[in-house]
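The entries below follow the order in which I looked things up.

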Amino acid sequence: AASPASTGLLMTAAPTIPGDFGEASAKYHELLSLARRSILELSPAALTQKSQEARQDVLGRVRENVAQLAASIERSGSMRMPRLRVLSVANSGGSLAGFGRIEDALQANTRLERLVLDLNDHRSTGTASLVSSLPLNATLRHLSLAQCHLGTSGILELAKGLLLNTTLESLCLRGNECGTAAAAALGGVLGGASGSALRMLNLSSCHLTDEAGVAIANSLANNTVLESLLLRDNGLRERSSSALVDALRKHTSLTTLTLELNSIDFRFLRQVSQLLERNARLREKSKPHGYRKRIQELETCRREVRALEDVLDKNNIRKREASERQATVLNELRDTRGTEGARTKDLEEKLEVVRAERAQADNEVLALEEELRGVLHTGEFQVSQLQIRISSVEERLQQHERHISQAQGKIDAFDEKAGKELAAAQEELEKAEKARASAASLAAAARRNLDSFVASMSSLESGIPGASDPRRRQVQGRKTLEPLKKRAGSAGRGRVGKATSH
């Protein structure tokens, strides 16, 4: 038996990716993760939104991410699809990674129509791969996940993926526990305006509560596609049965509704049976209209087939013409090969001559390289000697520069000291000159005062008794001279004071 992983490889052959495979693969996985995350992050309220405009606003970003992922898959190259249309791996005991490969393969597969994964455990990974594959797949019609341990969270995720799928017609979730939130999400898919194509939904043995049954029943009021709804072996009671009866009064396409092993009153079962019979009669009456519609579709297909046959005939004519041109080209190719053989022989002879010349040139190059190595060795030795001499001269220059800098420092210190000493001597000289000039002026003033005093004394000798000899003085003469001496003394002191001030 083939493993689920190998089955995934059968479903999609490896694409031929132009350019760098690693870069394209990284881009694909990045877009896959983005699309999967945007779908899983949808709130349950988005599934039960009745307004089409509000739902389109919520799903806008998700559809954009899914479109980017689809474009990445289309750019990855042409797929060599197998002719497999039905695949059943029920109770195969495969690994979770293998089932993930199968579900991921649905993104690019365009042939598979029925996939059965019953009795395989999905508790660890849930339905993450299906969530990202269902919005991209447009050929799968029937999907069965009976007794896969999906749980409420798994069914809720699956409902988010179904919200973006418009081709799946049959879904079997028998034996998986389905809580109220999951049932409401499935009801949002059935009763939404997203264009769900589900014709059969199997929720038998899913532990549906009465509230879950009401949520599913309410969704039937806006659904015109569902034909078969299996609710056998659940916990449905009076509320859900009443809601189902009310929904069936408006829903005319549902013809199969199983409610066995539920706690439903017989009167509701009788009403349900009557409404289903009415729907069956309405369906029988509408069959001629369906037949006419189908006949029109077949006639359209016949016209398309005839157009394709005409195109095929033209292609066959072109094929024959191309075959004739190919035969002519092959004859020319054979003739060309003979001519090219002779040319090739001539070119080989010339190539041998060129190779010999090249060998001689190589020998000359080797000799020149040897000579060059010798010259380089000698030059390197001389360069090293010159570098040693240059380094010694630089050391001497540095020593001379240090001596010059030291001598310059001493000269600067001597100039500074001499300048200070010259300034001090100049100041002392200026002070001495000032003192000399002052002394000279004082001496001149004293000499003038003395000369004046001498002149005064000479003028007074004639009137003084005894003249210049004191011994000749008389007492009377003393009394007569006292007033004169006082006047002469006051005059001399005044002259001396003026000289001193000058």
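This is a predicted model: local features need pLDDT of at least 70, side-chain atom pairs count only at pLDDT 80 or more; totals for chains, interfaces and linings use all residues.

**Entry 1**

Residues are numbered from 1 along each chain as its sequence is written, and side-chain values use heavy atoms, with hydrogens and water left out. Helices (H or I, at least four residues) and strands (E, at least two) are DSSP runs, numbered from the N terminus.

Helix α7 covers residues 151-162, and its axis lies 8 Å from that of α8 at an angle of about 15 degrees. I took axes as lines fitted to C-alpha atoms, for helices over the stretch in contact, with angles running from 0 to 180 degrees between N-to-C directions. The angle therefore makes α7 roughly parallel to α8; angles under 35 degrees count as roughly parallel, over 145 as roughly antiparallel, 65 to 115 as roughly perpendicular and the rest as oblique.

On the α7 side I listed Thr-152, Ile-155, Leu-156, Ala-159 and Leu-162, and on the α8 side Ala-181, Ala-182, Ala-185, Leu-186 and Val-189; contact means heavy atoms within 4.5 Å. By class, this contact of α7 with α8 has nine nonpolar residues, one polar and no charged. Ala, Val, Leu, Ile, Met, Phe, Trp, Tyr, Cys and Pro count as nonpolar, Asp, Glu, Lys and Arg as charged, and the others, Gly among them, as polar.

I then checked the length of α8 (residues 180-191): its twelve residues should span 16 Å at 1.5 Å a residue, and the end C-alpha atoms are 16 Å apart, which agrees. The expected span is 1.5 Å times one less than the number of residues. Nine of the twelve residues of α8 are buried, including Leu-186, Val-189 and Leu-190. Buried means under 20% relative accessible area, exposed over 50%, partly exposed in between (1.4 Å probe, protein chains only).

**Entry 2: Cys-178**

I placed Cys-178 in the loop between β4 (170-172) and α8. Cys-178 is buried, with a relative accessible area of 1%. Beyond residues up to four places away in sequence, Cys-178 touches Thr-152, Ile-155, Ala-183, Leu-186, Cys-206, His-207 and Leu-208. Its C-alpha atom is 8.5 Å from that of Ser-153, 25 residues apart along the chain.

**Entry 3: the loop between β5 and α9**

Ser-204 lies in the loop between β5 (200-202) and α9 and is buried at 9% relative accessible area. Leaving aside neighbours within four places, I found Ser-204 in contact with Arg-174, Gly-175, Leu-230, Leu-231, Arg-232 and Asn-234. Ser-205 is in the loop between β5 and α9, and is partly exposed at 25% relative accessibility. Ser-205 has a positive phi of about 55 degrees although it is not a glycine.

**Entry 4: His-149**

I also noted a positive phi, near 55 degrees, at His-149. His-149 lies in the loop between β3 (142-144) and α7 and is partly exposed, with a relative accessible area of 43%.

**Entry 5: helices α9 and α10**

The axes of α9 (residues 210-219) and α10 (residues 238-250) come within 8 Å and cross at roughly 5 degrees. These two helices, α9 and α10, are therefore roughly parallel to each other. Their contact has five nonpolar, three polar and four charged residues.
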